[in-house]
Number of protein chains: 2
Amino acid sequence: AFDGIRDELLADPVIAVQPATGQTWMKRVLDYNVPFGKLNRGMAVADTLAVLRGVEDANALSKSDLKDAHVLGWCIELLQAFFLVADDIMDDSVTRRGQPCWFRVEDVGMVAINDGILLESAIYRLLKNHFAKHRRYADMLEVFHEVTFQTATGQMLDLITAPIGKVDLSKYTMETYTNIVVYKTAFYTFYLPVACGMLLGGVRSTKAYDTAKEICVAMGEYFQVQDDFLDCYGAPEVIGKIGTDIGDNKCGWLVCKALLKANDAQREVIAKNYGKPHDSVAEAAVKAVYNEMDLKSEFEAYENKSYEMLRSMIDTQKDLPVGIFDELLAKIFKRSK
Amino acid sequence: AFDGIRDELLADPVIAVQPATGQTWMKRVLDYNVPFGKLNRGMAVADTLAVLRGVEDANALSKSDLKDAHVLGWCIELLQAFFLVADDIMDDSVTRRGQPCWFRVEDVGMVAINDGILLESAIYRLLKNHFAKHRRYADMLEVFHEVTFQTATGQMLDLITAPIGKVDLSKYTMETYTNIVVYKTAFYTFYLPVACGMLLGGVRSTKAYDTAKEICVAMGEYFQVQDDFLDCYGAPEVIGKIGTDIGDNKCGWLVCKALLKANDAQREVIAKNYGKPHDSVAEAAVKAVYNEMDLKSEFEAYENKSYEMLRSMIDTQKDLPVGIFDELLAKIFKRSK
Ligand SMILES: [Mg+2]
Ligand SMILES: [Mg+2]
Ligand SMILES: [Mg+2]
Ligand SMILES: [Mg+2]
Ligand SMILES: [Mg+2]
Ligand SMILES: [Mg+2]
């Protein structure tokens, strides 16, 4: 399904006039980095539009609606690919989606930085090709710009809070945590696809977009807390990776919660063992403290409280069909991967 | 003059709600990377607009025109800052504008990649703040998108043609060279400021933009050939840096020209000595071949031919006032820095 988008981008006048080596490189960048995600974000555009059109599901959309949602969905996937390529360099990561991170591929290296810029540029080529005459074209451009800025701001907070190799537990507060995850994850993961669906569906009320933002931000926070929980307590064979947040010195939900509850002895164990990469003894010591505190139950309580809060936010608003958020919430509630 | 723009960006709702550490970081990113360039590109917006308005010079513009040109000028400087931050990492450079490259500053490192994204995002915040109601708003967004894509494409060609540490002279042809410099330099250095001035000046004809593009691309090519010439033959105290293109394995105008003219012995000297970083003996050997071939005269001939070609392109078109391009050309013809 990505092939059509890929070919459209390779046929772009800016690329098609380049020497063969340049065209081939662009193809590799796109094929390696874009199509292999879970595509949840991309698909949520069509789901949102289906609810707004009052049809059963995305498959029941008109051909033209489906096409539009498809293009915007891939634009979101391109935005994510752009951020992931850069994130993996900055986090010094090894694998992504079951393959080596792009910058680790032999002849790529730091050229990956520029490849990220090409991925981002591709978004605006697609938007221009397909929506230049759409009455909401400027709004589409603006929502991608805004979400890019928000995500980069969240990345900044994440990077300066927990620099690689420097552990400072005093920075790991719930306030900082919430700020980081809302900005680095929630806007692009939840708000962007819903907003894209709303723009296609002809929603005009500013209040409706504000409401969507409020609910999506809360949902994104919950989603990231789950991600942090699964990093430690999920089954590696289910989540598809072995969690490394403790070793990687991440400002995650579990450590923030633990520091809130810790007695002096527990705090010392965390201080001594957190942020030691590839040290399974240190990692086990931190996990033992988490277990002592029964953070699993804390998480379950959080999960139920979040669900109720989200339900009430969804049910009390009158700006948008409840179905838009129902589907999103159903997909993530008590997820195990 | 940048202070107002900097403060506007720091007051942006996305930044102003962040913890103090985040706001301080953003301020550092802006202050370190944006204001210290030559600002030629930014200033060309006002110069173009002044010609279109028929006034003496930029200072004679109305307050509101001057403000608009000022904002767009800084947007171009932000775009350049974004590309330079990334370029310095990819080229493994040491200094930029007389200070260490941003990624070399102690606590920055690879976080610079994300800082580049913040610089780019800042462009679209300014455009939204100042031009959301402008009738050419969508065109402004599109020209920044397109030029970003073109520049990243030029960077891609540059990077894959001469990867650090791998010398392959067969790739250094004049065709490749021209392609690289047009894409990586000409569009953002010449076309973007002229197009911004035209958008503010109310120019609507597509043909006029095409004409501007054609002339600006030719001018950008000439400008980059000069840059390559000065890297080898310019006075370091005048150009403000010591040229490193030979050691850095750059696909530059001189080496392309030399390879076209070289006999077997000369070709071998180049092959043996090109692309050896920090090796002044090797560099001197290559320069000796350049002198043997009298590339200085070749360059002078090229310079005069380019000038005549540009003059004729400027004088024969009837889409735009000649003055727009006269000023640009006068600024760069026979420049020594
Ligand atoms: Mg990461
Ligand atoms: Mg990260
Ligand atoms: Mg995680
Ligand atoms: Mg460079
Ligand atoms: Mg470079
Ligand atoms: Mg140079």
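Here is a walk through a predicted model, from the fold of chain A to its interface with chain B. Residues are numbered from 1 along each chain as its sequence is written, and chains are lettered from A in the order in which they are written. Local features need pLDDT of at least 70, side-chain atom pairs count only at pLDDT 80 or more, totals for chains and interfaces use all residues, and hydrogens and water are left out of the side-chain values, which use heavy atoms.

Let's start with chain A, which has 15 helices and two strands (DSSP runs: H or I of at least four residues for helices, E of at least two for strands). Its radius of gyration is 21 Å, close to the 20 Å that the globule rule gives for 337 residues, so chain A is as compact as a globular protein of that length (C-alpha atoms are used, and the rule is 2.2 Å times the number of residues to the power 0.38). Of those 337 residues, 57% are buried, meaning under 20% relative accessible area with a 1.4 Å probe, protein chains only.

Now for the partner. In chain B, 45 residues are in contact with 45 residues of chain A (heavy atoms within 4.5 Å). Four salt bridges turn up across the interface, counted when a side-chain nitrogen of Lys or Arg lies within 4 Å of a carboxyl oxygen of Asp or Glu. One of them pairs B:Glu146 with A:Arg125, with the closest N and O atoms 3.4 Å apart. On the side of chain B that touches chain A, H7(B) gives the most, with 16 residues.

Conventions:
Buried means under 20% relative accessible area, exposed over 50%, partly exposed in between (1.4 Å probe, protein chains only).
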